Amino acid sequence: MAEWFKARAWKARVPKQYRGFESPSLRHGRDDRRFRLPVTIRKPLMGTPLTSIQIRAAGAADAATIAQFNTLLAQETEARLLEPGQLRRGVEAVLADPARGTYWVAEIGSQIVGQLLITSEWSDWRNGFFWWIQSVYVPQRWRGQGVFQSLYSLVRRLASERAEVCGLRLYVEAGNARAKQTYERIGLARTRYEVYEVDFRRLT
Ligand SMILES: CC(C)(COP(=O)(O)OP(=O)(O)OC[C@H]1O[C@@H](n2cnc3c(N)ncnc32)[C@H](O)[C@@H]1OP(=O)(O)O)[C@@H](O)C(=O)NCCC(=O)NCCS
């Protein structure tokens with residue numbers, strides 16, 4: 001049995017040495033874009049087996065879940081009700097065209113327990129791409145278990161392995177204290193920038 005299936009302690013989080021640990025097939029050069037992390041659930045729920053988190057790039061079949069997570073994210077963090085048709089088309093547009101971005105999802109068993117979206121922005125100052133982390137969502141039930149940490153660790157590792165990527169960025173709604181604390185805990189630094197916009201498709 002692979003070493004990373006052996007994590008036993010109920011209270012363990014993702015051990016630091018394994019954060020961003022990739023599946024053996026990736027280490028041997030095949031980028032199957034699936035990664036297993038030896039996480040044990042800190043507060044195991046009834047019927048939840050001791051298992052690992054698997055991170056994978058989302059596919060077309062995940063559109064409904066991703067749209068649902070975005071609906072919940074907008075409601076919870078900005079009290080916004082997103083228009084379902086527009087949202088679904090927006091999600092599907094990403095899933096159909098990697099140039100628009102990549103959703104990464106975390107799974108425990110066959111259940112999706114978290115997501116984030118990566119988009120790119122060219123920095124002429126650095127002659128490289130910033131990867132923007134967007135649409136971050138972990139359902140209530142799975143929070144505080146290291147799900148976001150697992151997603152972030154993988155993204156950070158993939159980004160650092162690519163010479164054309166110069167860094168990671170994200171923006172957060174000003175009043176979202178929990179997300180800000182989370183980002184600071186995992187080592188992201190607050191920037192000197194503030195965001196301005198003209199929104200031609202103003203959300204309600
Ligand atoms: C923010 C969010 C993504 C965090 O996901 P999560 O899976 O619960 O986070 P993790 O368990 O991986 O925690 C990562 C780190 O942040 C810390 N953290 C998590 N929630 C925290 C909270 N409420 N307060 C303080 N720190 C917190 C954890 O302790 C952990 O640090 P540690 O490893 O040193 O203990 C999740 O709460 C969420 O989906 N919130 C609603 C949607 C949202 O706000 N999205 C962000 C939009 S910008």
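Predicted model: local features only at pLDDT ≥ 70, side-chain atom pairs only at ≥ 80, totals over all residues.
Visitor: Nice to know! How many helices and strands does the protein have?

Guide: Helices (H or I, at least four residues) and strands (E, at least two) are DSSP runs, numbered from the N terminus. Along the sequence they follow the pattern α-β-β-α-α-β-β-β-α-β-α. The count is 5 helices and 6 strands.

Visitor: Which residue in S3 is the bridge partner of alanine 57?

Guide: Two strands pair if DSSP finds at least two bridges between them. Strand S2 (residues 53-57) and strand S3 (residues 102-108) run antiparallel and are joined by 5 bridges. The S3 partner of alanine 57 is tryptophan 104.

Visitor: And which glycine takes a positive phi in the hairpin of S3 and S4?

Guide: S3 and S4 are antiparallel, with 7 bridges, and glutamate 107 has isoleucine 112 in S4 as its bridge partner. Their hairpin has 2 residues between the strands. The residue with a positive phi near 60° is glycine 109.

Visitor: Is asparagine 127, with its positive phi, buried or exposed?

Guide: Most residues other than glycine have a negative phi. Asparagine 127 has a phi of about 55° although it is not a glycine, and it lies in the loop between strand S4 (111-123) and S5. A residue is buried if 20 or more other C-beta atoms, placed from the backbone, lie within 10 Å of its own, exposed if 12 or fewer, and partly exposed in between. Because asparagine 127 has 9 other C-beta atoms within 10 Å, it counts as exposed.

Visitor: How does serine 135 count on that scale?

Guide: Serine 135 is found in strand S5 and has a positive phi of about 45°. Because it has 19 C-beta neighbours inside 10 Å, serine 135 counts as partly exposed.

Visitor: Now the ligand: which element gives the most to the shell around it?

Guide: A residue is near a molecule if its C-beta atom, placed from the backbone, lies within 6 Å of it. Of the 23 residues around the ligand, Arg143, Val147, Phe148, Gln149 and Gln181 come nearest. Helix H2 (63-78), strand S5 (128-137), helix H4 (147-160) and helix H5 (177-185) each give two or more residues to the shell. The most, 5 residues, come from H5.

Visitor: How many of the 9 residues in H5 are buried?

Guide: H5 is hardly covered. Just after H5, glycine 187 takes a positive phi of about 105°. Among the 9 residues of H5, the count of buried residues is 0.

Definitions and conventions
Residues numbered from 1 in each chain as written.
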